[in-house]
Amino acid sequence: MQTKTPTKPRICFALPGINYIAHSPRCLSTLPILQHLSQDFEVTLVFRSLLEEQGLPCRTLTILDRPDPTANSNGYFTPLDPQAAWDYGQQIQRFAADHRGQFDLVIEKEWHLLGLFAQAFRRQGVAGLAIHHAEFTQSPGQWRGLGILKNLPTILFRRWLPELRRGWVRGCQGVITETTQMQHFLRESGYLAPTTPIYAIPNGIDPQIFHPQDQATARARLGLPQDQYILTYVGSLNRYIQEPGPLIEALGQIQPKGVVLHIIGDGSKRGELEALARAHQAPVTFWGRVPQAEVAHYIAAADLCVAPYRRELFQGGELTVASLKVPEYLAAARPVLTLPSPRMAELLAEGPRGFLVENTTPDYCQFLKNPPPRAQLQQMAQRIAAQPDLIPTWQQVAQRYQAAIQPHLPLLAGSATPN
């Protein structure tokens, strides 16, 4: 039977380290892009498996034949021993062999074994791009609980993994980063061949959800006091890249009058953080996970939003991820408290949109001894609201993805040229 010539280029967008759940940050920063790319490309989304099926905007495939009953509730799959990595690599190889004729280009998003999926398709004659967020100084749980002799293969695997990743990524036609900082790191470290194109494309926002709202109205909606000084953190409670623990400790130590912290989100270490707040008698309210549309109301109710990242995880202490929360905070016209770094200085314009404080308990204690008055924060919010084009929308981000994709597509007879 003759194969029908596709009318659009066929793109595979792969998240092989994700068992799909709608609230995963990896998904929240991917699905809005694909909704726009689907207008000009035939897009297929690939996950390891599906833990739920809501919110998928396009054709979806899974690498596993069925959901993994042992999958973490946060959706991430992180094989930390060589046998698990080898077994999953074989599954990926079989997936690539089964689907090699269905795609013109694969785009593999950051995960523990970045580049392995693209390598499998490269062996089948399909080109690939990698979305590379960061090179971390350690893997999650890198050495925890490992006896040297008994676990020598696992220890060696984790030590060699950065070089394995580098070899897989170097085989890609191009790399997409979230920040110019990561782009510079890849260039200056010699991570890639000098001729490999690198495209820096940040995260975006949905302007229908994240836009300026009246603070008093948001507080009334949520039943929050109008006179409180509210700090708000939205994000993961896994205590890996994002770590609100030092701020909780500082609030307990200083006990600033009228200041409270609201935490919106969930994760594997939520219980630890709740215990930390109790131990320090810190004024913290944990709201758990709420729908994204509701998140915007919690941000609107805030005086100051926080983004506490762990600098020590990144090579050279340089934050190379774009952050999903900070653009959303700013789009909602709220000033931000986060750590000093070139990326955050760009977003906060060196101060007018927020405050740069190291994510340590002593530094937060110093900040909380004399926090900026609410009137000052309200003036900052007004200035941020006066810059409606400060953060790109997902549609604008998709346009930049389209420009990055186009040079790497094969010439397709009868294919439509994307607008």
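Start by selecting threonine 44: its bridge partner is arginine 59, in strand 3. Before you go on, know that this is a predicted model, where local features need pLDDT of at least 70, side-chain atom pairs count only at pLDDT 80 or more, and totals for chains, interfaces and linings use all residues. Residues are numbered from 1 along each chain as its sequence is written, and side-chain values use heavy atoms, with hydrogens and water left out.

Now select residues 42–50, which make up strand 2; this strand pairs with strand 3 in the parallel sense over four bridges. Strands here are DSSP runs of E, at least two residues, and helices are runs of H or I, at least four residues, numbered from the N terminus. Two strands pair if DSSP finds at least two bridges between them.

Zoom out to the sheet: it's open, has seven strands in the order 3-2-1-4-5-6-7, and its pairing is parallel. Strand 3 (59–62) and strand 7 (198–200) are at the edges, each with a single partner strand, so one side of each has no neighbour in the sheet.

Next, pick helix 3 (residues 82–99), which lies across strand 1 (10–20), strand 2 and strand 3, at about 135° to strand 3. Angles run from 0 to 180 degrees between N-to-C directions, with axes fitted to C-alpha atoms, for helices over the stretch in contact (heavy atoms within 4.5 Å).

Last stop: cysteine 172. Why is its sulfur not bonded to another cysteine sulfur? The closest one, in cysteine 12, is 12 Å away, too far for a bond. The whole structure has zero disulfides (pairs of cysteine sulfur atoms within 2.5 Å).
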